[in-house]
Amino acid sequence: MFGMSHDAYLLLDAVVTVIGLIILITKFKIHPFISLTIAAAFLGLTSGMPIGTIIKAFQDGFGGVLGFVGIILALGTMLGKMMAESGGADQIAQTLIRAFGKDKVQWAMMFAAFLVGIPLFFEIGFVLLIPLVFIVARRTGVSIIKIGIPLLAGLSAVHGLVPPHPGPLLAIGVFGADIGKTILYGLIVALPTAIIAGPIFGTFIAKHIPGTPNQELVDQLARESDDSTKLPSFSITLITVLLPVFLMLLKTFADVALPDGHFFRTWMDMIGHPISALLLALLLSLYTFGHKQGIGSQQMLKWLDASLAPTAAIILIIGAGGGFKQMLVTSGVGDVIGHMAVSAQISPILLAWLVAAVIRIATGSATVATITGAGIVVPVVGMIPGVNRELLVLATGAGSLILSHVNDAGFWLVKQYFNMTVAETFKTWTAMETILSVVGLGFILLLSLFV
């Protein structure tokens, strides 16, 4: 190959493949599921893998990721739907707004988003909470940007940094990190990051871009449910939504505190596994958000059914991303990148953040960025002893949030709902996402000094 070393060829192959993937998604508007599958096949063929191995690697990668993430996504989505439909999300928001008062309402919005966002996808959390932004803006007369940006920051921070969100979960699977520790570190990093990008930045930018809500949307969405007796209580809602997080953290503490083979530890490993934790929370929600609220089984079945349809595309993209990642590993490309990073002496945390950031800016998908980024960085972990895997997960997540622009569906979602021009959306939403990403990286590096 023109006297090029095999390593250099593999590296070039990977670069060409990733650029090709980006062009398929952005220029030709080919669905990311198909694009990732094509990219994986191309990489397998051009890197000189035996034909039989190519399909096998893709299948293994696809199944390996979905065996874990697919189940969790389904359970988390259903739990989120129960919380939304029963008015639990509404209850959390109303309680926090009462507690914080009108002058600190932007803080209430961030905490509401942070809590509600834990079991929810970003888009779903956004659609759920946006009516609140409109209602609160109308009741308090506070600018929609000042209330909206903290809400978006809260949702986005949890989405990128805290499992059971698909991004961090994917990375946990790829890096072999511990879920409880990742949740703990994720919360430590996500909260201050969301505060800086949310209430603090939001209050500043609202002075320059007040934002005028779209009147049609306000009329349609800002229906106020003043009768909060019908809603599930604040404490019950919190217990239901935070149960999976609590169980996963409990498992981690049991693993740290108790000897191997201890009776309680063995049981906690089972109950605190993300799949069982979410399943238990979902079953609890059928009672707390369902029967207790007088909702019939037939109605709940309808809700749960409806909640799964939007996740189908995401699940397939994640699976194909897993297949692509496996191809990077099996073809040996990952090892080459690993060796390069080791000899260049870049901190693996910085590398994970950079790779995810580049792919995110190019494709607009945080999920594609996280899984491709994790796949590229994972070989480094084996070569550098003592890398903290949980922090690698967070760094990949933080990188995947950066600079949301016109190729990201979230960008247009925010633009439409907040009735802004493209330039205003850049100054508010894009700036906020970038602050989240960079400040998040800062806190992760800070945390790496201690853990």
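Okay, let's start with Lys251 and Asp255, whose side chains meet in a salt bridge at 3.2 Å, N to O. By salt bridge I mean a side-chain nitrogen of Lys or Arg within 4 Å of a carboxyl oxygen of Asp or Glu. Side chains of opposite charge can pair when their charged atoms come close.

A quick note on the source: this is a predicted model, where local features need pLDDT of at least 70, side-chain atom pairs count only at pLDDT 80 or more, and totals for chains, interfaces and linings use all residues. Residues are numbered from 1 along each chain as its sequence is written, and side-chain values use heavy atoms, leaving out hydrogens and water.

Back to our pair. Both residues sit in helix H11 (residues 234–257), 4 residues apart, about one turn of the helix. Helices here are DSSP runs of H or I, at least four residues, numbered from the N terminus. Lys251 is buried, at 13% relative accessible area. Buried means under 20%, exposed over 50%, and partly exposed in between, using a 1.4 Å probe and protein chains only.

So who else joins in? Lys251, Asp255, Asp260 and Arg265 are linked in a network of salt bridges. Asp260 and Arg265 meet at 3.9 Å, N to O. Asp260 counts as exposed at 70%, whereas Arg265 is buried at 15%.

How many salt bridges does the structure hold? There are 5. Another one of them joins Lys56 to Asp60, with the closest N and O atoms 2.9 Å apart. These two are 4 residues apart in helix H3 (residues 51–86), so about one helical turn separates them. Lys56 is partly exposed at 46%, and Asp60 is partly exposed at 41%.
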